[in-house]
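Hi,

Here is the structure I promised to pass on.

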Amino acid sequence: MYVWRKLKRLGAVLLHESVWCLPSTPKTREQFQWLVVEIQELGGEASLWETKSVFREQDETIIQEFLDQVDKEYEELLNALKDKEPDLLAISKKYQQVKILDYFHSQLGERVRKELLERKGGKL
């Protein structure tokens with residue numbers, strides 16, 4: 001459960017049984033490397049592979065999974081912004097957390113950013 005929670009916090013997507021993926025960036029590689037070490041120190045087995053899919057359709061499917069993941073969070077933020085007196089500090093904080101996991105720059109995330117800016121008077 002510990003590893004699952006860490007993977008979810010990183011925004012990783014489950015591909016198959018125990019195969020998780022993240023976009024390959026210096027930050028995600030480092031975070032996965034640390035997680036592999038932690039798993040091994042706990043007595044588990046973990047491997048870290050960097051791969052590239054052969055079929056563009058597979059890439060698009062995985063990218064959509066990442067977008068669906070953050071869009072769900074962005075929808076919640078948009079709903080919170082509709083409140084008569086929204087907690088802009090809490091919403092801004094949550095937005096920053098979700099944005100870190102928005103590897104493919106969701107359009108919904110941009111909408112949240114714009115609405116937050118409007119509510120805060122142009123300061124984010």
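There are three aromatic pairs in this predicted model, where a pair means rings of Phe, Tyr and Trp (its six-membered ring) with centres within 6.5 Å, and planes under 30 degrees apart are stacked, over 60 edge-to-face and the rest tilted. Phe 66 and Phe 104 make a tilted pair, because their ring centres are 5.6 Å apart and their planes sit at 55°. That pair links distant parts of the chain, 38 residues apart: Phe 66 is in helix H3 (residues 56-81), and Phe 104 is in the loop between helix H4 (88-101) and helix H5 (107-119). Helices (H or I, at least four residues) and strands (E, at least two) are DSSP runs, numbered from the N terminus.

Phe 66 counts as buried, at 3% relative accessibility, whereas Phe 104 is partly exposed at 30%. Buried is under 20% relative accessible area, exposed is over 50%, and partly exposed is in between (1.4 Å probe, protein chains only). Tyr 74 and Tyr 95 are also a tilted pair, 6.2 Å centre to centre with 40° between the planes. Tyr 74 belongs to helix H3 and Tyr 95 to helix H4, so this pair ties together parts 21 residues apart in sequence. Both Tyr 74 and Tyr 95 are buried. Ring pairs also join Phe 66, Tyr 103 and Phe 104 into a cluster.

Before the rest, some bookkeeping. Residues are numbered from 1 along each chain as its sequence is written. Since the model is predicted, local features need pLDDT of at least 70 and side-chain atom pairs count only at pLDDT 80 or more, while totals for chains, interfaces and linings use all residues; side-chain values use heavy atoms, with hydrogens and water left out.

Leaving out residues up to four places away in sequence, Phe 32 touches Leu 7, Ala 12, Trp 20, Cys 21, Leu 22 and Leu 48, with contact meaning heavy atoms within 4.5 Å.

A pocket here, on a 1 Å grid over the protein atoms alone, is an open set of points where a 1.4 Å probe fits, with protein on both sides within 12 Å along at least five of seven lines; lining residues have an atom within 4 Å of a point. The largest pocket has a volume of about 1,100 Å³, volume being the space filled by probe spheres set on the points, which are joined across faces, edges and corners. Of its 32 lining residues, Trp 20, Cys 21, Leu 22, Trp 49 and Thr 51 are the closest to the centre. H2 supplies the largest share of that lining, seven residues.

The second largest pocket is about 250 Å³ in volume. Its lining includes Lys 8, Gln 69, Glu 73 and Lys 94, and H3 gives the most, with five residues.

Cheers
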